[in-house]
Amino acid sequence: PAVDGITDSRHGEAVSFEYVAQADPGTLLVIDRGAAIADGTQAASATLDTPLVRGTKAAQAGRVIYLSPAELYIATGGVTSLTRTLDEIAAALGAM
């Protein structure tokens with residue numbers, strides 16, 4: 001796990017902005033579920049636009065990576081979607 005003490009879960013674990021700030025990640029990989037399913041909720045970029053997240057190493061270094069939600073929510077589980085996601089991460093990290 002990225003942080004000691006976090007529980008493995010197929011659907012992730014709910015965390016607060018304070019938790020993210022305390023973990024202070026060097027890179028954040030973000031999947032905007034609302035954009036994938038068009039549920040009309042606030043965009044992930046707006047949700048994460050808080051002083052706590054902006055203060056993390058990731059945000060300070062411009063290492064907040066927004067992944068294609070379609071690959072991870074709509075076409076999930078296939079080799080092609082996984083390969084596209086890994087390519088997307090590699091390209092984003094390589095550009096930094």
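The points below are grouped by topic. The model is predicted: local features need pLDDT of at least 70, side-chain atom pairs count only at pLDDT 80 or more, and totals for chains, interfaces and linings use all residues. Residues are numbered from 1 along each chain as its sequence is written, and side-chain values use heavy atoms, with hydrogens and water left out.

**Core**
- Six residues form the largest nonpolar core: Val20, Leu28, Val30, Ala44, Val53 and Ala58.
- Such a core is a set of buried Ala, Val, Leu, Ile, Met, Phe, Trp, Tyr and Cys residues joined through side-chain atoms within 4.5 Å.
- Buried means under 20% relative accessible area, exposed over 50%, and partly exposed in between (1.4 Å probe, protein chains only).
- Beyond four places in sequence, Val30 touches Ala44, Leu48, Val64, Ile65, Tyr66 and Leu67; contact means heavy atoms within 4.5 Å.

**Threonine 50**
- Thr50 sits in the loop between helix H3 (44–47) and helix H4 (51–54); helices are DSSP runs (H or I, at least four residues) and strands are runs of E (at least two), numbered from the N terminus.
- Thr50 counts as buried because its relative accessibility is 14%.
- Its side chain reaches the backbone nitrogen of Val53 at 3.2 Å.

- Pro69 belongs to helix H6 (residues 69–74) and is buried, with a relative accessible area of 19%.
- Pro69 and Asp32 are 37 residues apart in sequence, yet 5.8 Å apart in space, C-alpha to C-alpha.
- Ile31 is in strand S1 (residues 28–31) and is partly exposed at 37% relative accessible area.

Technical notes: A polar contact is a pair of N or O atoms within 3.5 Å; within protein, one must be able to donate a hydrogen and the other to accept it, and residues adjacent in sequence count only if both atoms are side-chain atoms.
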